[in-house]
Amino acid sequence: MLLGFVSKNRLARWNGAPLYLPDFQFHEKHSAVIKTTEPEKIMPLITAYDLGQDAIIRALMSVRQLPQKLQKRAPKNQDDKFGLQTFTLLHASDLELYYGLRGQFWRADFGLEKISDAEEYQQPARQGAAKLLLRYQVNIINDNQSELITETFIHCPDKITHCKMAAYWLAIRAGSGLIRRRMLGAIKHELEINHKRQTE
């Protein structure tokens, strides 16, 4: 799978396609193995994670939001413009989280659509707009280790949307991956510090 592009043949052989978005053309995956005896604490840390607490993530988000600022359409509190709170929660359990987003992500203002729930998210994408799904999963390896996985899936309903998304994907993929890895690293660090304290 080159640069996160998913062909039709690759998709037909895909193992573990997400329930809320089984048809997609883009995919990215990152993971971290965490030493912890409390895997049930992982998902609450994800939902509570503030992207703004990391200086590198803040810088990356600022770069992405620069076109909007230059167009003088940025909200007063720009730091609150885009983050996990922008997504619609589709499903939550102890070991899985699904978040959905619909819009024209390559636009300066993201072109976001309002989504109230999972049912609305699963309606067919309108022409010219894409659907994005974030999936977080926890795989318990043993009593002292769990793997936290974060995946991004994107579906485009037509060729023009796919071409726009492909260009945007290539532009932001490295930065997006770094954000995911730093988020995973922060959660891993917090849980492993607690694990170390408990075992000392």
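Predicted model: local features only at pLDDT ≥ 70, side-chain atom pairs only at ≥ 80, totals over all residues.
**View 1. β1 and β5 side by side.** Strands β1 (26-35) and β5 (145-155) pair in the antiparallel sense over 10 bridges; two strands count as paired if DSSP finds at least two bridges between them. Strands here are DSSP runs of E with at least two residues, helices are runs of H or I with at least four, and both are numbered from the N terminus. Residues are numbered from 1 along each chain as its sequence is written, and side-chain values use heavy atoms, with hydrogens and water left out.

**View 2. The whole sheet.** Five strands make an open, antiparallel sheet in the order β1-β5-β4-β3-β2. β1 and β2 (88-92) sit at the edges with a single partner strand each, so one side of each has no neighbour in the sheet. On average, neighbouring strands are turned by 15° against each other, direction ignored.

**View 3. Thr150, tucked into β5.** Thr150 belongs to strand β5. Thr150 is buried, at 2% relative accessible area; buried means under 20%, exposed over 50% and partly exposed in between (1.4 Å probe, protein chains only). Beyond its neighbours within four places in sequence, Thr150 is in contact (heavy atoms within 4.5 Å) with Glu28, Lys29, His30, Arg135, Tyr136, Arg180 and Leu184.

**View 4. Helix α5 over the strands.** α5 lies across β1, β4 and β5, at about 10° to β1; axes are lines fitted to C-alpha atoms, for helices over the stretch in contact, with angles from 0 to 180 degrees between N-to-C directions. Helix α5 (residues 159-199) bends by about 50° at Ile172, the bend being the angle between axes fitted to the seven residues ending there and the seven starting there. At the start of α5, a side-chain oxygen of Asp158 comes within 3.3 Å of the backbone nitrogen of Ile160.

**View 5. Inside the largest nonpolar core.** A nonpolar core is a set of buried Ala, Val, Leu, Ile, Met, Phe, Trp, Tyr and Cys residues joined through side-chain atoms within 4.5 Å. Of the 35 residues in the largest one, Ile46, Tyr136, Leu148, Ile154, Met165 and Ile187 touch the most other members. α5 gives the most to this core, with nine residues. Apart from it lies another core of 13 residues, including Leu11, Trp14, Tyr121 and Leu133.

Terms used. Polar contact = N/O pair within 3.5 Å; in protein donor to acceptor, adjacent residues only side chain to side chain.
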